[in-house]
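Subject: Handing over a structure

Dear colleague,

I am passing on a structure that you have not worked with before, and the notes below it describe what was found. Please read them with the structure open beside you.

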Amino acid sequence: MADLKLRGINKNFGAVQVIHDIDLDIGNGEFVVFVGPSGCGKSTLLRTISGLEEPSSGQVLIGGEDVTDYDPSERGVAMVFQSYALYPHMSVEQNLGFGLRMGGMPRDQVAARVMEAARILELTELLERKPRQLSGGQRQRVAIGRAIVRQPKAFLFDEPLSNLDAELRVQMRIEIAKLHQQLGATMVYVTHDQVEAMTLADRIVVLRAGRIEQQGSPIELYDNPDNLFVAGFIGSPR
Ligand code: ADP
Ligand code: MG
């Protein structure tokens, strides 16, 4: 696992600046949650870490190494997508191993990584099944498993639970918290769900129009929101 540093990140899409001079240090093993209204730049900032977006200026450091010019595959971080991104025609085992096989990893090594991820996520009995033969929660676990097999330096989640029903969201939230403890993993998690943010985060970063409005532990933000905007997301009602 590794720490992550964002240094003076700006991002423009054409003439529109959507990220404004963001500095952020995320500790090794820390669970950081980005919250904020739709369009405030949560996904763009996360994609800047993964390399799916190139910042207009600024640097991204992973484990102290400047990776700003690296491709996503060279950064050693894993994005967790929503479960609908699974390959429907492949078994759970094939879904878990696909990325590693494409990367040229030897078969037995892929098999070992897949078994380990399946054990952690309690998918061992389901390896032969196709995604359509799984429950929503099981599918989401496979999606997370595809990140785990890569043994990444950090996990990046972009609203991974937003297409699940309420009950399943709660269940998956607990599983992600467990995973964080078990792996001691650095995790950056985007959500607009207040409860997810409050329960998962070591630190919540509230974004507003591409800037950090306030950051702190869930309790700090809940008890002492700087303003009504922050209070609207996580503060106590006043
Ligand atoms: P969030 O994830 O917080 O909802 P995004 O990071 O997706 O917000 O988007 C931030 C802003 O950047 C929005 O105004 C969005 O329309 C714009 N944006 C995102 N991606 C692109 C793109 N590829 N091209 C142009 N504008 C984009
Ligand atoms: Mg988004």
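By class, the shell around ligand 1 has three nonpolar, six polar and one charged residues, where Ala, Val, Leu, Ile, Met, Phe, Trp, Tyr, Cys and Pro count as nonpolar, Asp, Glu, Lys and Arg as charged, and the others, Gly among them, as polar. Please bear in mind that this is a predicted model, in which local features need pLDDT of at least 70 and side-chain atom pairs count only at pLDDT 80 or more, while totals for chains, interfaces and linings use all residues. Residues are numbered from 1 along each chain as its sequence is written, and chains are lettered from A and ligands numbered from 1 in the order in which they are written.

The shell around ligand 1 is made up of Phe13, Val18, Gly36, Ser38, Gly39, Cys40, Gly41, Lys42, Ser43 and Thr44, a residue being near a molecule if its C-beta atom, placed from the backbone, lies within 6 Å of it. Helix H1 gives the most to this shell, with three residues; helices (H or I, at least four residues) and strands (E, at least two) are DSSP runs, numbered from the N terminus. H1 covers residues 42-50, and its buried residues are Lys42, Leu45, Leu46, Arg47, Thr48 and Ile49, where buried means that 20 or more other C-beta atoms lie within 10 Å of the residue's own, with C-beta atoms placed from the backbone. After H1 comes Gly51, whose phi is positive, near 95 degrees.

Turning to the sheets, six strands form an open sheet in the order S6-S7-S8-S3-S9-S10, with mixed pairing, and two strands count as paired if DSSP finds at least two bridges between them. At its edges are strand S6 (77-80) and S10, each of which pairs on one side only. The twist of this sheet averages 20 degrees from one strand to the next, the angles running from 0 to 180 degrees between N-to-C directions of axes, which are lines fitted to C-alpha atoms, for helices over the stretch in contact. Within this sheet, strand S3 (residues 31-35) runs parallel to strand S9 (residues 203-208) and is joined to S9 by four bridges, with Phe34 opposite Val205 and Val32 opposite Arg203. S9 also pairs with strand S10 (residues 211-216), here in the antiparallel sense over five bridges, and Val206 has Gln214 in S10 as its bridge partner. Two residues lie between the strands of the S9 and S10 hairpin, where Ala209 takes a positive phi near 50 degrees.

Another open sheet consists of four strands in the order S2-S1-S4-S5, and its pairing is antiparallel. Its edge strands are S2 (16-26) and S5 (65-66), each pairing on one side only.

Finally, the axes of helix H4 (residues 136-148) and helix H5 (residues 166-183) come within 10 Å and cross at roughly 35 degrees. The crossing is right-handed, that is, the near helix is turned clockwise from the far one by less than a right angle. Gly136, Gly137, Gln140 and Arg141 in H4 meet Leu168, Gln171, Met172 and Glu175 in H5, contact requiring C-beta atoms, placed from the backbone, within 7 Å. By class, this contact has two nonpolar, four polar and two charged residues.

With kind regards

Key. Buried ≥ 20, exposed ≤ 12 C-beta atoms within 10 Å, placed from the backbone. Contact = placed C-beta atoms within 7 Å.
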